[in-house]
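User: I'd like to learn how to read helix packing and loop residues in a model. Please take me through some cases.

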Amino acid sequence: MLDACDFFIVLFTLDNVAHSFGVSLEAVLLAPTLTLITRPVGAFLCGRAADKYGRKPVLMATIGIYSLIEVLSALSPTLGIFLGLRAVFGIALGGVWGVGTSLIMESVPPTWRGTASGILQAGYPAGYLLASLMFLLLPVMGWRGLFILGGCSVVSALYIALRVPESPDWLARHAQGATGMRAGAQQPGMLAVVRNNTALCIFAVALMTGFNFMSHGSQDLYPKVFLALERHISPPSITTMVVIYNIAAMAGGLVFGMLSQKIGRQYAIAVAALATLPLLPLWTLPSSPVLLGVGAACIQFCIQGAWGVVPAYLSELSPASVRATFPGLAYQCGNLLAASNALLQTQIAGWLGVGLAPALMLTVGGGALGVLVLTLLNARLNWRVTA
């Protein structure tokens, strides 16, 4: 929740940052782009560190680093320094999801993994919701004040230090690894895993690309561009809709996470992706705010419902030796490949010349269809990563 909140605060304040530095909005748009570009680097570096040194200390370090960078961003005297800090921010941010996922999935009983996965992934829409509520403080605090407030995420690192135990699975393997090293055995590294599982690694990145087109395609341009500029919905109504569809998104993650415990990870994802497709017209075509709100709530319930299964699904595909690296790296590489989503949607809208609605349906529908096909394919082939 807290790392998603910090990311979305940047998106909500882009025009304010641009005005503060006296530059164009396009110049400041480099900030979220740089964050997305460096996130796979963080997923790899932090994941490898967590596989070697433990989930808990690396998770605490990444949270501490991105909280510090959030505060330093608020103090940036120039746009260049601000952009450089956002690039470093992406490295720390990219490590949080994979390391946190491995810690949680290894710490709960197998019968609770689906529920825990849904709760974990519900943090993303919760962070979106928290950022939208924090944005209401902009007239009082300014964008710099909001960034400083975002730095309070460091409190969660203190909580982890005091209350969260290290992964018992990692502790057991670390003890076995020490014995194995004395005997001359070595755990396979990430490169060996990729070499031995090239097809499945490509599958995982392609799957997460589809997932990110679903989520970012349905969120990035929807409130400020589609609802505000095209449908001319008032800011209070947009805020209400954002709150409602993010609550629906949190509920979806939990529902489909629990469902995956009963029918399997792949089939729970496939059901959620399939249910997304017929909802696309209701989500974009009405002119009534009420109907658009219903459509947005339903589609976010399904999209984030599918996402709610992802932490457990990717963790169970991964061998233990790279469980902090493989899921996070696949996720962040997919995020990087889908980073062109907003640009693609605006280009499609320009080509068609009929507004943003068809572009939203094409990109989100294409992502959902890709996720549906890929998960059913893997359900049939039953791939697993081997060491």
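User: Which residues in α1 meet which residues in α2?

Analyst: First, the ground rules. This is a predicted model, where local features need pLDDT of at least 70, side-chain atom pairs count only at pLDDT 80 or more, and totals for chains, interfaces and linings use all residues. Residues are numbered from 1 along each chain as its sequence is written, and side-chain values use heavy atoms, with hydrogens and water left out. Helices (H or I, at least four residues) are DSSP runs, numbered from the N terminus. Contact means heavy atoms within 4.5 Å. Here, Val-10, Leu-11 and Phe-12 of α1 meet Leu-14, Asp-15 and Asn-16 of α2. The residues of this contact divide into 4 nonpolar, 1 polar and 1 charged. Ala, Val, Leu, Ile, Met, Phe, Trp, Tyr, Cys and Pro count as nonpolar, Asp, Glu, Lys and Arg as charged, and the others, Gly among them, as polar.

User: At what angle do α1 and α2 pack?

Analyst: Two packed helices are described by the angle between their axes and the distance between the axes. Axes are lines fitted to C-alpha atoms over the stretch in contact, and angles run from 0 to 180 degrees between N-to-C directions. Under 35 degrees is roughly parallel, over 145 roughly antiparallel, 65 to 115 roughly perpendicular, and the rest oblique. Helix α1 (residues 2-12) and helix α2 (residues 14-21) pack at about 60°, with axes 5 Å apart. They are therefore oblique to each other.

User: How do α6 and α20 pack?

Analyst: The angle is about 135° and the axes are 7 Å apart. That makes α6 oblique to α20. Gly-94, Trp-97 and Gly-98 in α6 meet Pro-327, Gly-328, Tyr-331 and Gln-332 in α20. This contact has 3 nonpolar, 4 polar and no charged residues.

User: How many residues of α6 are buried?

Analyst: Buried means under 20% relative accessible area, exposed over 50%, partly exposed in between (1.4 Å probe, protein chains only). In α6, 22 of its 29 residues are buried.

User: Is Ser-153 buried or exposed?

Analyst: Ser-153 counts as buried, because its relative accessibility is 2%. Its place is the loop between α9 (138-150) and α10 (154-163). Leaving aside neighbours within four places in sequence, Ser-153 contacts Leu-2, Asp-6, Ile-63, Tyr-66 and Ser-67.

User: What is the phi of His-232?

Analyst: Most residues other than glycine have a negative phi. For His-232, phi is near 55°, a positive value. His-232 sits in the loop between α14 (222-230) and α15 (235-263). At 64% relative accessibility, His-232 counts as exposed.

Methods: Helices (H or I, at least four residues) and strands (E, at least two) are DSSP runs, numbered from the N terminus.
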